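Please prepare a short briefing on the structure shown below.

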Amino acid sequence: MGWLLLAPSVLLIAGLVLYPILYNVWLSLFDKHAFLPAQAFVGLRHYQYFATDEEFWSSVRYGLVYAGATMVLQLGLGIMAALLLNEAFRGRNLLRGIVLFPYMIPTIVAVILWKWLLNDSYGLVNHLLMASGLVRTPVAWLGKDYIMWSLILTSVWQFSPFVVVTYLARLQTIPPELYEAAKVDGAGAWRRFVHVTLPQTRNVLFVIVLLRGIWMFTKFDTVWLMAGEGGVSRYVRTLPVYAYARTFTYLQAGMGAALAVIMFALLLGATALYFRLFRDEEVVA
Amino acid sequence: MRLSGGTVSRTTTLYAGAAGLLLIGAFPFFWMLSTSLKPAGEIFATPTLVPRHATLANFVQLFRETNFAVYFRNSVLVSFTTVALTLVVSALGAYSLTRFRFRGRETVAGLILMTYMFAPIMIIIPFYILVRQLGLVNTHLALVLSYTTFCLPFCLWLLRAFFLSVPLELEEAALVDGAGRPRAVWHVVLPLVLPGLIAAGIFTFILAWNDFLFALVLITSDELKTLPVGVNDLFNATIVDWGMIMAAGVMITVPTIAFFAGVQRYLIQGWGAGGVKG
């Protein structure tokens, strides 16, 4: 009876997640067209190819820049916003709801919104910059020089709310007595943050960094929608986008699969290292 | 953290920060709405905060001259089917995980949690080939199955927590009173886990409504496309008609925000139990 009720869940997850993962590893050993059934065994040749593939290495670099920069900014902005929303003021609950919106909307909306704000000829950002005299000619925010920054801005706006809500949930459970005691000891705001808030929120930060790190490194839709396939896309071509392009643009499914395996291996390695470096035995999430 | 300094400066800092957050969170949406209501002449002139001559022309054009209404209908259809299927499958699974002891239960629970970490991009290639072999490419069923599968790990864990909070004695009491197990579950357990079901439903709806990657890969014909891919096509088709694109943005955003505003408290509850991915 127990198994029977669980069967639909297990079947779906095994069939549509676990089986594809294994099949993906198998596929990476073949030369396979994305649509046609023809395939030929090539062993580890795809992996050898990528070892010296300039496009691959640049996609890893772009991926690290993108994930790294968005992570730092999301954490900074997210934590500051959460601290603010933990204070008592009028309209707090409404604001707590509003700051979540960017995380709830489809990526396509976030992207068209920022593409419009950053539009070189008619965008509000350039208009304000020129009206205030900060720049003299319009800046091509979506051109090759600034596309990475625009992508980072859009992503930070879209994904910071996750940090806000998760961090705020933990902040609300810190006993107020801890702050009272620190105050009696004469600790200022900064010292109370460092000596009370940070130690108390260590575990939730550990989880936030882990999840956001994995999700930013594997982010596809924001990156792809922001830069498209041609033109400036090669200045923000991260590993997920490269894997997609190999499969569905060059139609080399075997090579795409190999890139997915590499992505998985990189994440697994990074996660293991992360646990080793930052996981204390004494703390339990 | 309590900000130091006098009460006045503390209050000022607080409200300045709140205003800043409001600006970041809400202004882009306001600007989208404002642009969608402007006639073409105003969009390409010096920007004004609110339209001088507000018009619904962009919305009319969106529905008359593009396939937007079809994309919208497809998105509604796919999202609600996904929600229904996911809730049934995950409620059954969560009930099983909390009410029955059987071999391999913990292993299965652990494996399910692990799949939560996987990003769709890492399996989209074999997934696509599999769907092709099953003959499901270019069907809404393929989308529903993908979304259900990707929502399951989260919904199972969320509902598991809710089922665990229902005391076994309540259910047993109903069984002793002569009710069969299905009736006991329907009348005693389900009402108590309703907030969990609502939270799981919202998460599923948002994931299905927002998805871009699966819809991009699995759907090829225009009349089957869902909103994110359809709107991206509109955006790429010709010279961008910003008024109409912003109108499309407004139309996609409204259901999510309406849904979200209506059930915000359940959502926050669900967030505490595990969070959504994205």
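Leu197(B) touches Leu87(B) and Ala91(B), not counting residues up to four places away in sequence; two residues are in contact if their C-beta atoms, placed from the backbone, lie within 7 Å. This is a predicted model, in which local features need pLDDT of at least 70 and side-chain atom pairs count only at pLDDT 80 or more, while totals for chains, interfaces and linings use all residues. Residues are numbered from 1 along each chain as its sequence is written, and chains are lettered from A and ligands numbered from 1 in the order in which they are written.

**Helix H9 of chain B**

- Leu197(B) lies in helix H9 (residues 181-210) of chain B; helices (H or I, at least four residues) and strands (E, at least two) are DSSP runs, numbered from the N terminus.
- Leu197(B) is buried because 20 other C-beta atoms lie within 10 Å. A residue is buried if 20 or more other C-beta atoms lie within 10 Å of its own, exposed if 12 or fewer, and partly exposed in between, with C-beta atoms placed from the backbone.
- Leu197(B) and Phe162(B) are separated by 35 residues in sequence, but by 8.9 Å in space from C-alpha to C-alpha.
- Helix H9 of chain B also holds Gly201(B), which counts as buried because it has 22 C-beta neighbours inside 10 Å.
- Apart from neighbours within four places in sequence, Gly201(B) is in contact with Val83(B) and Leu87(B).
- Between Gly201(B) and Cys155(B) there are 46 residues of separation in sequence and 8.4 Å in space, C-alpha to C-alpha.

**The nonpolar core**

- The largest nonpolar core has 151 residues; such a core is a set of buried Ala, Val, Leu, Ile, Met, Phe, Trp, Tyr and Cys residues joined through C-beta atoms within 7 Å.
- H7(B) gives the most to this core, with 15 residues.
- Those with the most contacts inside the core are Val164(A), Ile125(B), Leu159(B), Leu218(B) and Ala248(B).
- Leu218(B) touches Tyr128(B), Val131(B), Val137(B), Ala142(B) and Leu143(B), when residues up to four places away in sequence are not counted.

**Helix H12 of chain B**

- Helix H12 (residues 242-262) of chain B has 21 residues and reaches 30 Å from its first C-alpha to its last, close to the 30 Å expected at 1.5 Å a residue. The expected span is 1.5 Å times one less than the number of residues in the helix.
- A kink of about 30 degrees lies at Thr253(B), shortly before the proline Pro255(B); the bend at a residue is the angle between axes fitted to the seven residues ending there and the seven starting there.
- Buried residues of H12(B) include Trp242(B), Ala248(B) and Thr253(B).

**Contact between the chains**

- In the model, 70 residues of chain A are in contact with 76 residues of chain B.
- Helix H1 (residues 2-27) of chain A gives the most to the side of chain A that touches chain B, with 16 residues.
- The residues on that side of chain A divide into 55 nonpolar, 12 polar and 3 charged. Ala, Val, Leu, Ile, Met, Phe, Trp, Tyr, Cys and Pro count as nonpolar, Asp, Glu, Lys and Arg as charged, and the others, Gly among them, as polar.

**Domains of chain B**

- Chain B is divided into domain 1 (7-55) and domain 2 (66-272), with bounds that come from an automatic or database domain assignment.
- The C-alpha centres of domain 1 and domain 2 of chain B lie 33 Å apart.
- Their contact takes 8 residues from domain 1 of chain B and 7 residues from domain 2 of chain B.
- H1(B) gives the most to the side of domain 1 that touches domain 2, with 5 residues.
- By class, this side of domain 1 has 5 nonpolar, 2 polar and 1 charged residues.

**Positive phi values in loops**

- Leu251(A) has a phi near 60 degrees, a positive value in a residue other than glycine.
- Leu251(A) is placed in the loop between helix H12 (239-249) and helix H13 (253-278) of chain A, and counts as partly exposed because it has 14 C-beta neighbours inside 10 Å.
- Asn138(B) has a phi near 65 degrees, also a positive value in a residue other than glycine.
- Asn138(B) is placed in the loop between helix H6 (124-133) and helix H7 (140-164) of chain B.
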